[in-house]
Amino acid sequence: MYDYDLLVLGSGPSGQKAAIAASKLGRRVGIVDRRDMIGGVCINTGTVPSKTLREAVLYLTGLSQRDLYGSSYRVKDEITVSDLAAHTQHVISRQTDVIRNQLARNKVTMITGTGRFADAHSVWIDGGSGRETKVSADKIIIAAGTRPARPESVDFDDRTIVDSDGVINLQSVPRSMVVVGAGVIGMEYASMFAALGTKVTVVERREKMLDFCDEEIVESLKYHLRDLSVTFRFGEEVAAVERHQTAALCILKSGKKIVADTVMYSAGRQGQTDDLALEAAGLQADRRGRIEVDSDFRTAIDNIYAVGDVIGFPALASTSMEQGRLAAHHACGEPAREMHQLQPIGIYTIPEISFVGKTEDELTDSATPFEVGIARYRELARGQIVGDSYGMLKLLVAPETGKLLGVHVFGTGATEIVHIGQAVMGCGGTVDYLVDTVFNYPTLSEAYKVAALDASNKIRNITRIDG
C-alpha cells in the first residue's frame with residue numbers, strides 16, 4: 001500500500017489544480033511545498049505580486065486618469081515602496097488563505113517541506129527539523145515551477161543588481177533603472193517603474209521586443225513607453241555590471257556606459273529541479289531545468305507526470321492550471337478532453353496587451369488571405385469615459401468565410417475583453433455574429449462590433465469590385 005494515490009510536488013497553479021482534480025476523482029492526495037511558498041512562485045513572487053503592484057502603480061500615479069484631469073494629475077506626490085507593498089502583501093496573504101482553504105476543503109493533505117526523489121514511487125520530505133521522512137505514492141506529479149535565470153557573470157546583491165523576484169522587495173523606488181531583457185517580464189516591470197517616474201533604459205540583444213505579438217500593437221506600446229521617458233537599446237548586450245557605493249555602472253559590448261540606481265535582469269527562467277534528485281527516479285532535466293513530457297504530461301517514467309512552468313512553453317499560470325487538471329485525470333486513468341488550441345496571451349504592461357490566434361505576420365508568411373477590422377477606444381463612449389484615447393482592438397478576418405483568425409487588443413481591459421473573441425473563435429463563429437450582436441452600451445466590448453463592421457465593409461467593397 002502506498003501512503004497516497006497521488007503526490008504532487010509544488011503548490012503553484014498547476015500543482016493546486018492537479019491535487020484538487022485528483023481528490024474530486026476520489027483519490028488520496030498529498031501536496032508538498034514549503035510553508036512560505038504556499039501558492040508557489042505565482043502567488044508569492046511572480047504573477048500575483050507583479051499584477052497587484054501594477055494596480056497600485058496605476059492608482060497612486062493617477063496615470064490612467066491623466067487624459068481626463070490633465071498631465072500633472074497624481075493621487076499621491078511621493079510614492080514609497082511601503083505604499084506599493086501594503087496592497088501586495090494583503091493580496092498575497094488573502095490568496096494564500098484561499099488556497100489553504102481549497103486544499104483542506106477537498107481533503108488534500110498539505111505536507112510542509114521540500115521533497116526529493118528516493119525512487120520512482122517515494123519522496124524524501126525535509127520539513128526543516130533536521131530529520132527527513134519518506135512518503136510513497138502510486139503516481140507523482142512534478143509541479144516544481146521555475147526561478148529567474150541568473151547569469152553566472154553577474155554579482156546579484158538583491159539591492160542594486162536584482163532579478164524579477166528581487167525587484168518587488170526593493171527598499172525604495174529607484175530614480176533610474178536598467179532593465180536587461182525586453183521579454184514579457186522585463187517589459188512589464190519597465191513600464192511599471194517608468195509610470196512611477198523612474199528613468200528606465202531597456203537593453204535587449206535582439207532587434208525588437210515581444211516579437212510574438214502583433215507588430216502594430218508593439219509599436220503602440222513602444223510609443224507610450226517612450227512617452228514615459230523609457231530609452232530602448234536594441235541590438236545591444238551587457239558586457240559587465242560594476243557595483244559602486246551609490247549606483248551601478250552598466251557597460252555594454254558596444255562601449256556605451258549607463259549609470260543606474262538599480263539593474264534588473266530578466267534573462268528567462270530556470271526550472272527548479274536541481275534539488276529534486278530526479279536521477280533517483282530515473283529522470284533527467286535539460287540545461288534549463290525543464291522536464292520533457294508527452295501529450296498526456298507523462299514523463300519518461302510511466303507513473304511520474306510533470307506540469308506547469310517546469311515543462312517549458314507556454315509557462316503561463318492560465319495554461320499551467322489546465323495542464324495540472326488534465327495530468328491528474330490521465331494519472332487517475334479518467335477520460336479527459338485535450339486542451340483547446342486557442343489560448344489567450346496577456347501581457348500586463350502599461351498599457352496592457354492581449355491577443356488570441358494568429359498575427360498579421362504569421363498569416364502573411366503562410367500566404368493566408370485576411371482582412372483587418374479596427375476599433376479605436378477614442379471612438380467609443382466608454383473609451384472617453386475611462387480616459388483611454390490610445391486603446392484599440394484589431395480583428396483579423398478570413399474574407400471567404402468570415403471566420404476570425406486573430407484578435408489583438410491594446411489598452412484598458414485588454415486581458416478581459418479578449419475572451420469574447422476567443423469564445424467566438426472557439427465556437428467557429430464568424431464576423432457576421434459580431435456585426436449582428438447587441439453589446440451593452442457604453443462598454444469597451446462594443447469595440448468588437450465596430451471592428452467587425454469595419455472588416456465587413458472592407459470585404460464587401462472588395463467583393464463588389466472583384467466580383
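A residue is called buried here when its relative accessible area is under 20%. The model in these close-ups is a predicted one.

**View A. Phenylalanine 156 meets tyrosine 265.** Let's start with two residues that are both buried, phenylalanine 156 and tyrosine 265. In this model, the count of aromatic pairs comes to six. With ring centres 5.6 Å apart and planes at 65 degrees, phenylalanine 156 and tyrosine 265 make an edge-to-face pair, because that angle is over 60. Follow the chain and you will find phenylalanine 156 in the loop between strand S7 (146–148) and strand S8 (161–163), while tyrosine 265 belongs to strand S15 (residues 262–265), so the pair ties together parts 109 residues apart in sequence.

**View B. Phenylalanine 212 pairs with phenylalanine 355.** Here the aromatic pair is tilted, with 6.3 Å from centre to centre and 40 degrees between the planes. The two partners come from distant parts of the chain, 143 residues apart: phenylalanine 212 sits in the loop between strand S10 (199–204) and H7, and phenylalanine 355 in strand S19 (residues 353–357). Phenylalanine 212 has 37% relative accessibility and so counts as partly exposed, whereas phenylalanine 355, at 7% relative accessible area, is buried.

**View C. The second largest pocket.** Now for some open space: this pocket holds about 600 Å³. Its lining has 23 residues, and the closest to the centre are Leu63, Ser64, Ile350, Pro351 and Tyr390. At least two lining residues come from each of helix H3 (47–61), helix H4 (66–69) and helix H7 (215–227).

Note on methods: Residues numbered from 1 in each chain as written. Predicted model: local features only at pLDDT ≥ 70, side-chain atom pairs only at ≥ 80, totals over all residues. Heavy atoms only, no water. 1 Å grid on protein atoms, 1.4 Å probe; cavity = no way out; pocket = protein on both sides within 12 Å on 5 of 7 lines; lining within 4 Å. Points joined across faces, edges and corners; volume = space filled by probe spheres on them. Helix = DSSP H or I, 4+ residues; strand = E, 2+ residues; numbered from the N terminus. Phe/Tyr/Trp six-rings, centres within 6.5 Å; stacked < 30°, edge-to-face > 60°. Buried < 20%, exposed > 50% of the residue type's maximum accessible area, 1.4 Å probe, protein only.
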